Amino acid sequence: MTSIIDFSNKTFWKSCLVTALCPTIWNIVARAEYRDQVVSKVFAGSRTAGAYAMAAWIFGFSTYRDIVFKQAIEEQPSIKNEGNEKALQVTGYSLLTLGSIFVGSSFMRLGITGTFLGDYFGILMKEMVTGFPFNVLSHPMYVGATMNFLGLSSLAGSPAGALLSAWVWIVYYVSTTFYEGPFTSMIYAKQAEKEKQQ
C-alpha cells in the first residue's frame with residue numbers, strides 16, 4: 001500500500017484537512033447566521049447580501065480544496081501504464097461526465113441561494129425540489145462532486161486520489177446525515193408550521 005500511496009506527503013494530508021474544513025466551517029457559520037444573523041449583520045442586516053457573500057465564500061474555499069486535491073494526486077505515485085490507460089480514461093471521463101451532470105442539474109434546480117445554504121438566511125424554496133436529479137439521489141451535488149474527484153483520480157491513475165475521494169464522500173455523508181440534513185429539515189418544518197398558523 002505504501003508503494004502506491006505516499007502517506008509521508010504533506011499535500012496529501014493538507015487535502016484531507018481542507019476537505020474536512022469545507023463543510024465544517026460552512027455549517028458552523030450557517031448555523032450562527034440562522035441563530036444570530038452573524039453574517040447578515042456584517043451587511044447592515046441584509047440577509048440577501050449575507051447569503052450571496054456566504055455563497056461566494058463556499059465557492060472560493062471549495063475551489064481551493066479542489067486545487068489542493070489536484071496538487072495532492074499530482075505528487076502521488078501513479079499506477080497508469082499502457083495496459084490500463086484506456087480503462088482508466090474511460091472510467092475517469094465517465095465519472096466526470098455523470099458527476100458534472102449531477103452537480104450542474106442540481107445547481108440549475110436550486111439556484112445560488114438554494115445551493116449555498118440560503119435557507120439558513122431565511123431564503124427558502126417555495127417547495128421541496130423533487131425533479132431530476134433529486135428524484136434519483138438525495139444529495140446529487142455531493143454525490144456528483146465525489147464522482148468528479150474519483151474521475152480525476154482515475155485519469156491520473158492515482159490510488160491516493162481514490163482514497164482522498166473516499167474521504168470526500170465520508171465527510172459529505174457525515175455532514176448531510178448529522179448536520180445539514182436534520183437542520184435544514186427543521187428550518188422547513190418551522191416554516192410549514194408558521195404557514196399553518198397564518
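**Pockets, salt bridges and backbone of a predicted helical model**

Biologist: How do the residues of the lining of the second largest pocket divide into nonpolar, polar and charged?
Modeller: Ala, Val, Leu, Ile, Met, Phe, Trp, Tyr, Cys and Pro count as nonpolar, Asp, Glu, Lys and Arg as charged, and the others, Gly among them, as polar. On that scheme the lining divides into 6 nonpolar, 3 polar and 1 charged.

Biologist: What kind of model is this?
Modeller: Residues are numbered from 1 along each chain as its sequence is written, and side-chain values use heavy atoms, with hydrogens and water left out. Local features need pLDDT of at least 70, side-chain atom pairs count only at pLDDT 80 or more, and totals for chains, interfaces and linings use all residues, since the model is predicted.

Biologist: What does the secondary structure of the chain come to?
Modeller: Helices (H or I, at least four residues) and strands (E, at least two) are DSSP runs, numbered from the N terminus. Along the sequence the pattern reads α-α-α-α-α-α. The C-alpha atoms fill a box of roughly 65 × 35 × 25 Å along the principal axes. The count comes to 6 helices and 0 strands.

Biologist: What share of the 198 residues counts as buried?
Modeller: Buried means under 20% relative accessible area, exposed over 50%, and partly exposed in between (1.4 Å probe, protein chains only). Of the 198 residues, the buried share is 39%.

Biologist: Which element gives the most to the lining of the second largest pocket?
Modeller: A pocket is an open set of points on a 1 Å grid over the protein atoms alone, where a 1.4 Å probe fits, with protein on both sides within 12 Å along at least five of seven lines; lining residues have an atom within 4 Å of a point. The second largest pocket is lined by A20, P23, T24, N27, I28, R31, V171, V174, S175 and Y179. The elements giving two or more residues are α1 and α6. The most, 6 residues, comes from α1.

Biologist: What volume has the second largest pocket?
Modeller: Grid points are joined across faces, edges and corners, and a volume is the space filled by probe spheres set on the points. For the second largest pocket this comes to about 190 Å³.

Biologist: How much space lies in the largest pocket?
Modeller: Its lining holds 40 residues, with L110, G114, T115, F134 and M141 nearest the centre. Elements giving two or more residues to that lining are α3, α4, α5 and α6. By class, the lining residues are 22 nonpolar, 12 polar and 6 charged. The space is about 1300 Å³.

Biologist: How much accessible area does the nonpolar surface patch with V174 have?
Modeller: Patches take residues with over 30% relative accessible area and no salt bridge: like charges are joined within 9 Å, nonpolar side chains (Val, Leu, Ile, Met, Phe, Trp, Tyr) within 5 Å. Areas come from the Shrake-Rupley method with a 1.4 Å probe; for residues, only the protein chains shown count as cover. V174 lies in helix α6, residues 159–197, and is partly exposed at 34%. W167, W169, I170, Y173, V174, F178 and Y179 together have about 690 Å².

Biologist: How far apart are the closest N and O atoms of E74 and K70?
Modeller: Both residues lie in helix α3 (47–74), 4 residues apart, about one turn of the helix. E74 is exposed at 55%, whereas K70 is partly exposed at 42%. Their closest N and O atoms are apart by 2.8 Å.

Biologist: What is the phi of L117?
Modeller: Most residues other than glycine have a negative phi, and most peptide bonds are trans. L117 sits in the loop between α4 and α5 and is buried at 8%. Its phi is positive, near 65°.

Biologist: What is the phi of Q37?
Modeller: Q37 lies in the loop between α1 (10–36) and α2 (38–42). It is partly exposed at 24%. Its phi is also a positive value, near 50°.

Biologist: What is omega for the peptide bond from F132 to P133?
Modeller: P133 lies in the loop between α4 (85–115) and α5 (140–156). The bond from F132 is cis, with omega near 5°.

How values were computed. Salt bridge = Lys/Arg side-chain N within 4 Å of Asp/Glu carboxyl O.
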